[in-house]
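Trainee: Please take me through some features of this model, with the rule behind each one.

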Amino acid sequence: MTVSGQEPARIPLRVADRFFLAAHTGEQRLSPRIDGSLVALGCAAGLLAELILEEEVTVTPSVRPSGKGRCPDFLSWAILREIREETGHDVRTWLEYLSQAATEKVRARLTITDVLREVPVSGGWRGGSAAAWRLADDGVRNPEVDLETLFTGAETASGSGMITIPARLAEITLALLLRETGVLRQIRLPKHVTRQGEYRMESWEPRIPGPLRTLVSEVGAARGQSAITPKH
């Protein structure tokens, strides 16, 4: 029920959602900041990160179910179901598998929650039709704002123990995934913010749970592998 004069509450964005939005730019039509294969890799990693953060899966070093299957949305539940049916695969295998459709699935979730809206595009003289997407409204914050707050805010500046607060872990994991996929280089931040962010990410990485560290490491390795793989 919506109280008169108030906007309905927006469903909170999750790690893969926020990665998708940060990896794209544009107002009327979104376009990727990086290669599509890296967008897919980041979206796949974001989906796995969500399940790790919710303690629905763990990495031992294979990806295994560890929770009660109480996922907050259908996409997460569907991925968890696949992991339950195919236990024993490592993180890299799951990243490769999920990357095949991760971008489209995350984009669909953002469309369902009315964060994105489809924009029909003419197919021109060749016939047929295509589609593009844009932000549904101005209620979604720019990634620059969130990253600058994360990199310079006093709340994240101190401490040397393990980071355990779920919301903070989600923000830090997102930042690390943006770094490993190359998105962070494409986001315009002041130089002093970028330098401080690099320093903080180096200090955060050893302080996040092992499964998330493994995920971040495998994303970096997968990106490096794709960069040296010959294109035919």
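Mentor: Start with provenance. This is a predicted model, where local features need pLDDT of at least 70 and side-chain atom pairs count only at pLDDT 80 or more, while totals for chains, interfaces and linings use all residues. Residues are numbered from 1 along each chain as its sequence is written, and side-chain values use heavy atoms, with hydrogens and water left out.

Trainee: How many aromatic pairs are there?

Mentor: Rings of Phe, Tyr and Trp (its six-membered ring) pair if their centres lie within 6.5 Å; planes under 30 degrees apart are stacked, over 60 edge-to-face, the rest tilted. The count here is three aromatic pairs. Take Trp-94 and Tyr-97: their ring centres are 5.7 Å apart and their planes at 80°, so this pair is edge-to-face.

Trainee: Where do Trp-94 and Tyr-97 sit in helix α4?

Mentor: Helices are DSSP runs (H or I, at least four residues), numbered from the N terminus. In α4 (residues 91-99), Trp-94 and Tyr-97 are three residues apart, which means a separation of about one helical turn.

Trainee: Is Trp-94 buried or exposed?

Mentor: Buried means under 20% relative accessible area, exposed over 50%, partly exposed in between (1.4 Å probe, protein chains only). Trp-94 is buried, at 4% relative accessibility. Tyr-97, with a relative accessible area of 38%, is partly exposed.

Trainee: Which ring has the charged end of Arg-107 over it?

Mentor: The test is NZ of Lys or CZ of Arg within 6 Å of the ring centre and within 35 degrees of the ring normal. The charged end of Arg-107 passes, sitting over the ring of Trp-133 at 3.9 Å from its centre.

Trainee: What lines the largest cavity?

Mentor: On a 1 Å grid over the protein atoms alone, a cavity is a set of points where a 1.4 Å probe fits but cannot get out; lining residues have an atom within 4 Å of a point. A volume is the space filled by probe spheres set on the points. The largest cavity holds about 40 Å³. Its lining is Leu-47, Ile-79, Glu-82, Leu-98, Ala-102 and Lys-105. Helices α3 (74-85) and α5 (102-112) each give two or more residues to that lining.

Trainee: What is the volume of the second largest pocket?

Mentor: A pocket is an open set with protein on both sides within 12 Å along at least five of seven lines. The second largest pocket has about 270 Å³. Of its 14 lining residues, the closest to the centre are Arg-179, Leu-184, Arg-185, Thr-194 and Glu-198. Helix α9 gives the most to this lining, with five residues.
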